[in-house]
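Subject: Structure handover

Hello,

Here is the structure for you to open. My notes on it follow below.

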Amino acid sequence: MPPPVALASPPAAAVAACAPPPQPDLSAHRLRLGRLAEGLALRLGWDADRARQLRLAAPLHDVGAEPGMGDDVPLTAPSALHAQPRRGAALLGSSSLPLFALAAEITLHLRERWDGNGYPHGLRSQEIPMSARIVAVVDYFDALTMPHSFRPARADDRALAMLAEQSGAAFDPVIVATFLAHATDLIALRDGS
(Lines give C-alpha, C1' and ligand atoms only; values in the text may rest on other atoms or scores of the structure.)
Protein backbone atom coordinates (compact mmCIF):
# COMPACT_ATOMS: atom_id res chain seq x y z
CA MET A 1 0.00 0.00 0.00
CA PRO A 2 1.53 3.37 -0.99
CA PRO A 3 2.06 5.97 1.73
CA PRO A 4 -0.61 8.68 1.99
CA VAL A 5 0.06 11.79 -0.03
CA ALA A 6 0.32 14.95 2.02
CA LEU A 7 -1.79 17.71 0.53
CA ALA A 8 -0.80 21.31 0.96
CA SER A 9 -3.45 23.53 2.52
CA PRO A 10 -4.92 25.95 0.01
CA PRO A 11 -4.34 29.63 0.65
CA ALA A 12 -7.11 31.29 2.68
CA ALA A 13 -8.02 33.57 -0.23
CA ALA A 14 -8.66 30.54 -2.47
CA VAL A 15 -10.89 28.97 0.15
CA ALA A 16 -12.81 32.23 0.63
CA ALA A 17 -13.31 32.58 -3.12
CA CYS A 18 -14.97 29.15 -3.22
CA ALA A 19 -17.27 29.81 -0.27
CA PRO A 20 -20.93 30.42 -1.07
CA PRO A 21 -22.11 34.00 -0.77
CA PRO A 22 -23.58 34.93 2.62
CA GLN A 23 -27.25 34.13 2.94
CA PRO A 24 -29.81 35.84 5.10
CA ASP A 25 -30.53 34.28 8.48
CA LEU A 26 -33.64 32.34 7.50
CA SER A 27 -34.45 31.12 11.00
CA ALA A 28 -34.53 34.71 12.26
CA HIS A 29 -36.63 35.69 9.23
CA ARG A 30 -39.13 32.97 10.06
CA LEU A 31 -39.44 34.14 13.66
CA ARG A 32 -39.90 37.75 12.58
CA LEU A 33 -42.42 36.68 9.98
CA GLY A 34 -44.52 34.93 12.60
CA ARG A 35 -44.46 37.92 14.96
CA LEU A 36 -45.33 40.32 12.14
CA ALA A 37 -48.15 38.10 10.84
CA GLU A 38 -49.70 37.82 14.30
CA GLY A 39 -49.37 41.54 14.96
CA LEU A 40 -50.86 42.50 11.62
CA ALA A 41 -53.71 39.98 11.98
CA LEU A 42 -54.60 41.43 15.38
CA ARG A 43 -54.67 44.92 13.88
CA LEU A 44 -56.98 43.61 11.15
CA GLY A 45 -59.44 42.42 13.80
CA TRP A 46 -58.53 38.75 14.14
CA ASP A 47 -59.08 37.22 17.57
CA ALA A 48 -56.02 36.33 19.63
CA ASP A 49 -56.26 32.55 19.14
CA ARG A 50 -56.59 32.79 15.37
CA ALA A 51 -53.74 35.33 15.18
CA ARG A 52 -51.56 33.03 17.31
CA GLN A 53 -52.22 30.15 14.90
CA LEU A 54 -51.12 32.42 12.07
CA ARG A 55 -47.90 33.25 13.97
CA LEU A 56 -47.14 29.53 14.24
CA ALA A 57 -48.13 28.67 10.67
CA ALA A 58 -46.49 31.61 8.84
CA PRO A 59 -42.88 30.44 9.32
CA LEU A 60 -43.72 27.29 7.35
CA HIS A 61 -44.64 29.32 4.24
CA ASP A 62 -41.57 28.25 2.27
CA VAL A 63 -41.55 24.51 2.98
CA GLY A 64 -41.87 23.69 -0.71
CA ALA A 65 -39.02 26.07 -1.55
CA GLU A 66 -36.41 24.47 0.68
CA PRO A 67 -33.31 23.38 -1.25
CA GLY A 68 -32.30 19.75 -1.19
CA MET A 69 -35.81 18.33 -1.52
CA GLY A 70 -34.87 16.13 -4.46
CA ASP A 71 -35.48 18.56 -7.29
CA ASP A 72 -33.04 18.39 -10.15
CA VAL A 73 -34.58 21.48 -11.68
CA PRO A 74 -32.78 24.76 -10.89
CA LEU A 75 -34.87 26.87 -8.52
CA THR A 76 -34.57 29.79 -10.92
CA ALA A 77 -36.56 27.96 -13.60
CA PRO A 78 -40.18 29.21 -13.73
CA SER A 79 -41.57 25.68 -13.73
CA ALA A 80 -39.68 24.90 -10.51
CA LEU A 81 -40.81 28.15 -8.88
CA HIS A 82 -44.42 27.45 -9.80
CA ALA A 83 -44.19 23.89 -8.44
CA GLN A 84 -42.96 25.00 -5.00
CA PRO A 85 -46.33 26.18 -3.61
CA ARG A 86 -48.03 22.94 -4.62
CA ARG A 87 -45.20 20.80 -3.28
CA GLY A 88 -45.15 22.64 0.05
CA ALA A 89 -48.93 22.55 0.40
CA ALA A 90 -48.94 18.82 -0.32
CA LEU A 91 -46.29 18.19 2.32
CA LEU A 92 -48.05 20.29 4.95
CA GLY A 93 -51.56 19.26 3.97
CA SER A 94 -50.85 15.59 4.60
CA SER A 95 -51.27 16.28 8.34
CA SER A 96 -54.66 16.34 10.06
CA LEU A 97 -53.55 19.08 12.47
CA PRO A 98 -55.30 22.45 11.93
CA LEU A 99 -51.98 24.31 12.26
CA PHE A 100 -50.54 22.44 9.28
CA ALA A 101 -53.75 22.92 7.29
CA LEU A 102 -53.35 26.69 7.80
CA ALA A 103 -49.67 26.48 6.86
CA ALA A 104 -50.62 24.53 3.70
CA GLU A 105 -53.16 27.23 2.79
CA ILE A 106 -50.53 29.95 3.20
CA THR A 107 -47.89 28.01 1.28
CA LEU A 108 -50.21 27.28 -1.64
CA HIS A 109 -51.48 30.86 -2.02
CA LEU A 110 -48.58 33.05 -0.90
CA ARG A 111 -47.44 33.79 -4.48
CA GLU A 112 -50.89 34.77 -5.71
CA ARG A 113 -51.23 38.49 -6.40
CA TRP A 114 -54.08 40.87 -5.68
CA ASP A 115 -54.23 41.74 -9.41
CA GLY A 116 -54.46 38.07 -10.47
CA ASN A 117 -50.97 37.85 -11.98
CA GLY A 118 -49.58 35.43 -9.40
CA TYR A 119 -49.30 31.66 -9.24
CA PRO A 120 -50.10 28.77 -9.02
CA HIS A 121 -53.81 29.45 -9.72
CA GLY A 122 -53.93 33.10 -10.82
CA LEU A 123 -56.32 33.97 -7.98
CA ARG A 124 -57.14 37.62 -7.46
CA SER A 125 -58.51 39.86 -4.76
CA GLN A 126 -60.75 38.18 -2.19
CA GLU A 127 -60.26 34.77 -3.85
CA ILE A 128 -56.88 34.63 -2.10
CA PRO A 129 -57.24 33.41 1.50
CA MET A 130 -56.75 36.20 4.05
CA SER A 131 -54.01 34.20 5.80
CA ALA A 132 -51.89 34.17 2.62
CA ARG A 133 -52.58 37.87 1.94
CA ILE A 134 -51.34 38.81 5.41
CA VAL A 135 -48.22 36.63 5.22
CA ALA A 136 -47.42 37.91 1.71
CA VAL A 137 -47.29 41.49 2.99
CA VAL A 138 -45.13 40.77 6.03
CA ASP A 139 -42.86 38.40 4.09
CA TYR A 140 -42.25 41.07 1.45
CA PHE A 141 -41.50 43.76 4.00
CA ASP A 142 -39.20 41.59 6.10
CA ALA A 143 -37.35 40.24 3.06
CA LEU A 144 -36.70 43.78 1.86
CA THR A 145 -35.13 44.72 5.20
CA MET A 146 -32.82 41.66 5.28
CA PRO A 147 -29.35 41.72 3.74
CA HIS A 148 -28.89 39.33 0.82
CA SER A 149 -25.85 38.19 -1.12
CA PHE A 150 -27.05 40.25 -4.11
CA ARG A 151 -27.99 43.48 -2.26
CA PRO A 152 -27.82 45.12 1.15
CA ALA A 153 -30.82 45.40 3.45
CA ARG A 154 -33.16 48.23 2.62
CA ALA A 155 -33.94 50.83 5.27
CA ASP A 156 -37.35 50.48 6.89
CA ASP A 157 -38.66 53.70 5.35
CA ARG A 158 -37.62 52.57 1.85
CA ALA A 159 -39.19 49.13 2.39
CA LEU A 160 -42.43 50.80 3.54
CA ALA A 161 -42.45 52.94 0.40
CA MET A 162 -41.88 49.87 -1.77
CA LEU A 163 -44.70 48.07 0.02
CA ALA A 164 -47.01 51.04 -0.59
CA GLU A 165 -46.10 50.94 -4.30
CA GLN A 166 -47.34 47.34 -4.51
CA SER A 167 -50.70 48.07 -2.84
CA GLY A 168 -53.50 47.00 -5.17
CA ALA A 169 -51.10 45.21 -7.50
CA ALA A 170 -49.29 42.49 -5.58
CA PHE A 171 -50.99 43.03 -2.23
CA ASP A 172 -54.40 43.62 -0.69
CA PRO A 173 -54.69 47.41 -0.28
CA VAL A 174 -56.53 47.12 3.06
CA ILE A 175 -53.78 44.94 4.50
CA VAL A 176 -51.06 47.24 3.18
CA ALA A 177 -52.85 50.32 4.58
CA THR A 178 -53.17 48.60 7.96
CA PHE A 179 -49.48 47.66 7.93
CA LEU A 180 -48.49 51.22 7.04
CA ALA A 181 -50.80 52.72 9.69
CA HIS A 182 -49.21 50.52 12.37
CA ALA A 183 -45.68 50.38 10.93
CA THR A 184 -43.96 51.70 14.05
CA ASP A 185 -45.57 49.07 16.28
CA LEU A 186 -45.05 46.28 13.75
CA ILE A 187 -41.38 47.15 13.25
CA ALA A 188 -40.96 47.05 17.03
CA LEU A 189 -42.54 43.55 17.01
CA ARG A 190 -40.21 42.52 14.19
CA ASP A 191 -37.25 43.69 16.22
CA GLY A 192 -38.44 41.76 19.28
CA SER A 193 -39.44 44.81 21.29
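First, a term you will need: on a 1 Å grid over the protein atoms alone, a cavity is a set of points where a 1.4 Å probe fits but cannot get out, and its lining residues have an atom within 4 Å of a point. Grid points are joined across faces, edges and corners, and a volume is the space filled by probe spheres set on the points.

This is a predicted model: local features need pLDDT of at least 70, side-chain atom pairs count only at pLDDT 80 or more, and totals for chains, interfaces and linings use all residues. Residues are numbered from 1 along each chain as its sequence is written, and side-chain values use heavy atoms, with hydrogens and water left out.

The cavity

The structure holds 1 cavity of 30 Å³ or more. The volume of the largest cavity is about 60 Å³. Its lining is made up of His109, Leu110, Glu112, Trp114, Ile128, Ala132, Arg133, Ala136, Ala170, Phe171 and Asp172. By class, that is 7 nonpolar, 1 polar and 3 charged residues. (Ala, Val, Leu, Ile, Met, Phe, Trp, Tyr, Cys and Pro count as nonpolar, Asp, Glu, Lys and Arg as charged, the others, Gly among them, as polar.) α6 gives the most to this lining, with 3 residues.

The fold

The protein chain has 9 helices and 0 strands. (Both are DSSP runs numbered from the N terminus: H or I of at least four residues for helices, E of at least two for strands.) Buried residues make up 39% of its 193 residues. (Buried means under 20% relative accessible area, exposed over 50%, partly exposed in between, with a 1.4 Å probe and protein chains only.)

The core

A nonpolar core is a set of buried Ala, Val, Leu, Ile, Met, Phe, Trp, Tyr and Cys residues joined through side-chain atoms within 4.5 Å. The largest one has 38 residues, and Leu40, Leu54, Ile134, Val135, Val137 and Phe179 have the most contacts inside it. α6 gives the most to this core, with 7 residues.

Which residues does Leu54 contact, leaving aside its neighbours within four places in sequence? They are Ala37, Ala41, Trp46, Leu102, Ile106, Ser131, Ile134 and Val135. (Contact means heavy atoms within 4.5 Å.)

In α3, Ala51, Leu54 and Ala57 are buried. They lie on the same side of α3 because they cover an arc of only 125 degrees around the axis. (The arc is that of the directions from the helix axis to the C-beta atoms.) On the other side of α3, Ala48 and Asp49 are exposed.

Best wishes

How values were computed. On a 1 Å grid over the protein atoms alone, a cavity is a set of points where a 1.4 Å probe fits but cannot get out, and a pocket is an open set with protein on both sides within 12 Å along at least five of seven lines; lining residues have an atom within 4 Å of a point.
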